[in-house]
Amino acid sequence: MRAAVIQFPGSNCDRDLAVAFGKASGANKPAQMVWHKETGLPSGIDVIAIPGGFSFGDYLRCGAIAARSPIMRAVVDFANQGGYVLGICNGFQVLTESGLLPGALMRNASMKYICKDTELVVKTSDSAFTSGYDTGAHLTIPIAHHDGNYQADADTRKALHEEDRIAFTYVENPNGSLDDIAGILSQNRRVLGMMPHPERLNDPELGGTDGAGMFGAIADALVSA
Amino acid sequence: MKARVFVTLKNGVLDPQGSAVRRSLGSLGFDGVEKVRQGKVIELELAETDAEKARIEVGKMCEKLLANTVIEDYTVEIL
C-alpha cells in the first residue's frame, strides 16, 4: 500500500497519518507527503489521505480554500477513477467542499471548539476503511473541532441511510450533527470523511489502538485488490 | 466597478451562530427578537466596466467559491 498525505498550510496530524499508513503497510512504504501546490500525484499511489487542521485559517468556510487548491483537482480525478480517499476532520470538510461527499459541516451547535474522546458506533463494516470492525462495534476516538455539525438535505439524508453510507455515529452527539453522524461514505464506498481522528489512537503509547483497525483494513483491501 | 455579494444560509438550515446572537440580544433586554440569521457580505472591486458582464462573472464566482450552495444562498449587487 502506498499512501499520499496532502498538506495544506494549517494542516495538522498529517505526520500522524503518514505514520499510521506506514505502520499498516508493513513493507517499508512510508506515506508520501504531497504539498497542496502540486498539480499531480506521485505515481503508484493507492490511497490519499486529507488530514485535519485549519487549512488556510478556515477563511471563508472550513475547507473551502483548500478544496480549490491545485492538488485537489488531481484528488478529485483520482476519486472519480475509483481511488480510495480518506478525509479526517478538516479533511472531511475539504471533501464536502470539493463535492466528493454530500452535505456540509457547520459550526458546532454549542458554538464551542470541542477536544475530547468520543464513543463511536461503527454503522457499517461494508467499506475498505471499516471492514476491520464489526458493524455495531463501539470505538473510542478523539475529536478536535469547531465545525463538525454535519448537515444535509432530506434527499441526501435518505440516500445515506438507504445506501448504508453512514460509517460512524456518535453515542453522545457532541456537535449537533444530523442523525449523530460522525462519518460518511461516498456512493462507491471508496471515499470516507469523518470528524474523529483515528490516527491519534493508533498505538498503545498514544493511549489506545481503536483507530488502528482502519489503517489495517485499507492495507488489507489494497493487498487483496 | 464594485460588486457586493450577500451570502446567507438557506431557509431550513440551522444557524447556531444566529441563535447565539438572538439569545445574547435577549440577555441584553431585546425581548422582541424572534429569529436571527447571520450571513456574510463580500465586496469585490472589478476591472470589468459592463454591469451585466460583471453580474454574470460574480455569479460564477459565487457558484465556484464564495458560497457553498449546499447550505447557502447568495445575491449579487453591482454598485
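This is a predicted model: local features need pLDDT of at least 70, side-chain atom pairs count only at pLDDT 80 or more; totals for chains, interfaces and linings use all residues.

Reader: Start with chain B. How many helices and strands are there in chain B?

Author: Chain B has 2 helices and 3 strands. Along the sequence they come in the pattern β-α-β-α-β.

Reader: And the strand order in the sheet of chain B?

Author: The order is β2-β1-β3 in an open sheet of 3 strands, with antiparallel pairing. β2 (40–45) and β3 (72–78) of chain B are the edge strands, each pairing on one side only. On average, neighbouring strands of this sheet are turned by 20° against each other, direction ignored.

Reader: How many bridges join β1 to β3 in chain B?

Author: There are 7 bridges between β1 (residues 2–9) and β3 of chain B, and the two run antiparallel. L9(B) stands opposite E72(B) in β3(B).

Reader: Which strands does helix α2 of chain B lie across?

Author: Helix α2 (residues 51–66) of chain B lies across β1, β2 and β3 of that chain. Its direction is at about 155° to β3(B).

Reader: What share of the contacts in chain B is between residues 24 or more positions apart?

Author: That share is 67%, counting contacts in chain B with a separation of 6 or more.

Reader: Now the cores. How many residues are in the largest nonpolar core?

Author: The largest nonpolar core has 73 residues. Those with the most contacts inside it are V5(A), I6(A), F21(A), I48(A), A49(A), V85(A) and I218(A). Apart from it lies another core, of 8 residues, including A3(B), V7(B), A54(B) and V58(B).

Reader: What does I218(A) touch?

Author: Not counting residues up to four places away in sequence, I218(A) touches M1(A), V47(A), Y84(A), A128(A) and F129(A).

Reader: F21(A) was on that core list. Which residues of α1(A) are buried?

Author: D14(A), D16(A), L17(A), A18(A), A20(A), F21(A), A24(A) and S25(A) are buried in α1(A). The helix covers residues 14–25 of chain A and reaches 17 Å from its first C-alpha to its last, close to the 16 Å expected. Just after α1(A), G26(A) takes a positive phi of about 60°.

Reader: Which residue other than glycine has a positive phi near 70°?

Author: L60(A) is one of them, and R189(A) is another. L60(A) is in the loop between β5 (52–53) and α2 (64–67) of chain A, while R189(A) sits in the loop between β12 (181–185) and β13 (191–194) of that chain.

Reader: Why does R189(A) count as partly exposed?

Author: R189(A) has 18 C-beta neighbours inside 10 Å, and buried would take 20 or more. L60(A) is also partly exposed, because 18 other C-beta atoms lie within 10 Å.

Reader: Last one: is S98(A) buried or exposed?

Author: S98(A) is buried, because 22 other C-beta atoms lie within 10 Å. The residue is in the loop between α4 (90–97) and β7 (104–106) of chain A. Leaving aside neighbours within four places in sequence, S98(A) is in contact with A67(A), M72(A) and V76(A). S98(A) and M72(A) are 26 residues apart in sequence and 7.8 Å apart in space, C-alpha to C-alpha.

Definitions and conventions. Residues are numbered from 1 along each chain as its sequence is written. Chains are lettered from A and ligands numbered from 1 in the order in which they are written. Helices (H or I, at least four residues) and strands (E, at least two) are DSSP runs, numbered from the N terminus. The expected span of a helix is 1.5 Å times one less than its number of residues. A residue is buried if 20 or more other C-beta atoms lie within 10 Å of its own, exposed if 12 or fewer, and partly exposed in between; C-beta atoms are placed from the backbone. Two residues are in contact if their C-beta atoms, placed from the backbone, lie within 7 Å. Two strands pair if DSSP finds at least two bridges between them. Axes are lines fitted to C-alpha atoms, for helices over the stretch in contact, and angles run from 0 to 180 degrees between N-to-C directions. A nonpolar core is a set of buried Ala, Val, Leu, Ile, Met, Phe, Trp, Tyr and Cys residues joined through C-beta atoms within 7 Å.
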